[in-house]
Amino acid sequence: MANSVTVKKRGAVLSVASECTPLVKTGGLADVVGALPGGLAKEGWLLRTILPAYPGLVDRLKSPKVVWSAKNLFGGPAQVFAGKTAKSDGALDFLLLQATHLYDRAGSIYMNPQGKDWPDNPQRFAALSWVAAEISKKGLSDGWRPNVLHAHDWQAGLAPAYLAYGGSRDVASLVTIHNIAFQGVAPASMLRTLKLPRKQFVQDGFEYWGKISTLKAGLMTADAITTVSPTYAQELLEPEFGMGLEGVIEYKRDRLHGILNGVDLKAWNPRTDASIEHTYSPRNISAKVKNTKALEKEFGLNKGAGPLFAIISRLTHQKGLDLVLETLPALLARGGRLIVLGSGDVEMEKAFVKAAKEYPGQVAVNIGYDEAQSHRIYAGADVMMVPSRFEPCGLTQLYALRYGTLPLVSRTGGLADTVIDANDAAVKAGVATGVQVAPSRSDSLEQGIRRICDLFENQALWGQLQKRAMAQPLGWEQSAKSYSALYQSLIN
Ligand code: ADP
Ligand code: GLC
């Protein structure tokens, strides 16, 4: 067949994570873990993703089959179900680790209904990592065995470690750092519970200030380390960003690669998005305004002379949103309005709710998590604010670019790598896509708000910036090639 493209089969990869779109998501990690299999399939890699079987997940698989089992996994029986999600859910190939004593409970995947981390989180994610290592060593009952074990963040950090401590050398391993602020720290008294060898409880092993760090265990034992943007890879070497692990990163520097995240161009497409009322493309971008009007109505906001700003975020210190509260008067003075969709720190939630009460018709807040509403906000807002103190990659600014919503971001991590500041030179050269400010400084954010309001006043220029934003190559092609080359070098 002249037109069919055959992809050379390169190998099999077991991707290990605590969350994955479309089954379970609390943040960007899920979207990236969910998009990697599609991106890498085009490069010839078959990825199967292993996740805990949180309540209801096995039911989302088409004809699930048991492919692994154990009588006692960290205190109870366990099984792994293999199956694909429906085509409408991306037809991803999942392995779901069912262990009732660890995962079958109400609350969020990390926290109890009172908002406190589950006390047995170390065991819950050690069990996931243990099973991933076992599958890598011995394979599944359907005969499948990976060539590469790809572990994401601290929850999967012990997977390469169990592999290495067990002396297994024929499966390559890779750890991706999505956020080094979360290090999987557990008390030293859990050594035996977590099936960790005492002789590795040293500085060159997984010992971390007298405790266990599952992320450090992964970093010390994996054949390669990646993180989710080139700038964050550089930043991780500095104490401010390395957060105590900068020494480990320095030690493993020759194994570290910064590979930028992409976005799932099908799921995030203003031309076809089923969650938005008025679809649009760069050619009929004026239709975006209808989404803005609908959004103002949905949130009960007044019209204004300035842009409609939005925030879609976990409300945590990392995201720098306290600075937005400080600069709110400047934003409103320019006729701007603000929508916030997010949840997290109780104090920050309260502060935003208070701001909405103080400025009715100008500030509106939804404390919660709402995927469909997030799409309506990406489509309807003029400006997406991401003033993070640090940001390993960031997906919100990428989705914003795709929807012609100009990002106002801090110059850090992946934000620095994906948004081109509209300074004079960039505007003249025709490359600008947003506004960057210095991180962690409210004076700089305030200046950024002024600059983006000035740009908004020049609607002809604004339209050009929007079109350019929407034309950015944000898909996985490039990054999938980088991961592919890395996998290949590891199994060579
Ligand atoms: P992080 O993973 O650090 O939270 P990212 O920018 O990488 O940050 O990814 C955040 C993801 O979570 C985006 O897909 C964003 O749209 C989504 N998100 C964050 N908060 C909410 C919310 N309250 N409702 C819906 N989606 C949200
Ligand atoms: C983490 C980071 C975020 C990144 C995401 C996906 O949650 O905080 O910056 O985009 O992982 O890699």
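User: Which residues are buried in H12?
Analyst: This is a predicted model, so what follows describes the prediction. In H12, the buried residues are Gln-373, Ser-374, His-375, Ile-377, Tyr-378, Ala-379 and Gly-380.

User: How many of the residues of H12 is that?
Analyst: Seven of 10; the helix spans residues 371-380 and is mostly covered.

User: What covers them?
Analyst: The cover includes two helices, H9 and H13 (396-402). It also includes the strands S13 (308-315), S14 (337-344), S15 (363-367) and S16 (383-386).

User: Ile-377 is on that buried list. Which residues have the most contacts inside the largest nonpolar core?
Analyst: Ile-377 is one of them, along with Phe-309, Leu-338, Met-385 and Leu-408. That core has 86 residues.

User: What does Phe-309 touch?
Analyst: Setting aside residues up to four places away in sequence, Phe-309 touches Leu-331, Gly-336, Arg-337, Leu-338, Ile-339, Val-383, Met-385, Leu-408, Ile-449, Ile-452 and Cys-453.

User: And what other core lies apart from the largest one?
Analyst: A core of 81 residues, which includes Val-80, Phe-94, Ala-156 and Ala-217.

User: Back to the domains. What are their bounds?
Analyst: The domain assignment gives domain 1 as 2-261 + 476-491 and domain 2 as 282-470.

User: How many Å separate their centres, and how many residues does each give to the contact?
Analyst: Taken over C-alpha atoms, the centres are 32 Å apart. Domain 1 puts 19 residues into the contact and domain 2 puts in 17.

User: Helix packing next. At what angle do H16 and H17 cross?
Analyst: Roughly 105 degrees, with the axes coming within 5 Å. H16 (residues 442-457) is therefore roughly perpendicular to H17 (residues 459-470).

User: Which residues meet there?
Analyst: From H16, Ile-452, Leu-455, Phe-456 and Glu-457; from H17, Gln-459, Leu-461, Trp-462 and Leu-465. By type, that contact has six nonpolar residues, one polar and one charged. Ile-452 is also among the residues touched by Phe-309.

User: What about H1 and H18, at what angle do they cross?
Analyst: Roughly 75 degrees, and the axes come within 9 Å. H1 and H18 are therefore roughly perpendicular to each other.

User: Which residues meet in that pair?
Analyst: Leu-36, Gly-39 and Leu-40 in H1 meet Ala-480, Tyr-483, Ser-484 and Tyr-487 in H18. The contact holds five nonpolar residues, two polar and no charged.

User: What is phi at Asp-153?
Analyst: Near 60 degrees, a positive value in a residue other than glycine. Asp-153 is in the loop that runs between strand S6 (148-152) and helix H4 (158-165).

User: Is Asp-153 buried or exposed?
Analyst: Asp-153 counts as buried, because its relative accessibility is 7% and the cut-off is under 20%.

User: And Met-243, what is phi there?
Analyst: Near 50 degrees, again a positive value in a residue other than glycine. Met-243 is found in the loop between helix H7 (239-242) and helix H8 (246-251). With a relative accessible area of 29%, Met-243 is partly exposed.

User: Another aspartate: where is Asp-93, and what is it in contact with?
Analyst: Asp-93 lies in strand S5 (residues 93-98). Leaving aside neighbours within four places in sequence, Asp-93 is in contact with Leu-46, Leu-47, Arg-48, Thr-49, Gly-83 and Lys-84. Asp-93 counts as buried, at 16% relative accessibility.

User: Last one. Is Thr-272 buried or exposed?
Analyst: Thr-272 is exposed, with a relative accessible area of 54%. Its place is in the loop between strand S12 (256-258) and helix H9 (288-299).

User: What does Thr-272 touch?
Analyst: Lys-266 and Thr-279, not counting residues up to four places away in sequence.

Key: Residues numbered from 1 in each chain as written. Chains lettered and ligands numbered in written order. Predicted model: local features only at pLDDT ≥ 70, side-chain atom pairs only at ≥ 80, totals over all residues. Heavy atoms only, no water. Axes fitted to C-alpha atoms, helices over the stretch in contact; angles between N-to-C directions. Helix = DSSP H or I, 4+ residues; strand = E, 2+ residues; numbered from the N terminus. Parallel < 35°, antiparallel > 145°, perpendicular 65-115°, else oblique. Contact = heavy atoms within 4.5 Å. Nonpolar A, V, L, I, M, F, W, Y, C, P; charged D, E, K, R; others polar. Core = buried A, V, L, I, M, F, W, Y, C linked by side-chain atoms within 4.5 Å. Buried < 20%, exposed > 50% of the residue type's maximum accessible area, 1.4 Å probe, protein only. Domains from an automatic or database assignment.
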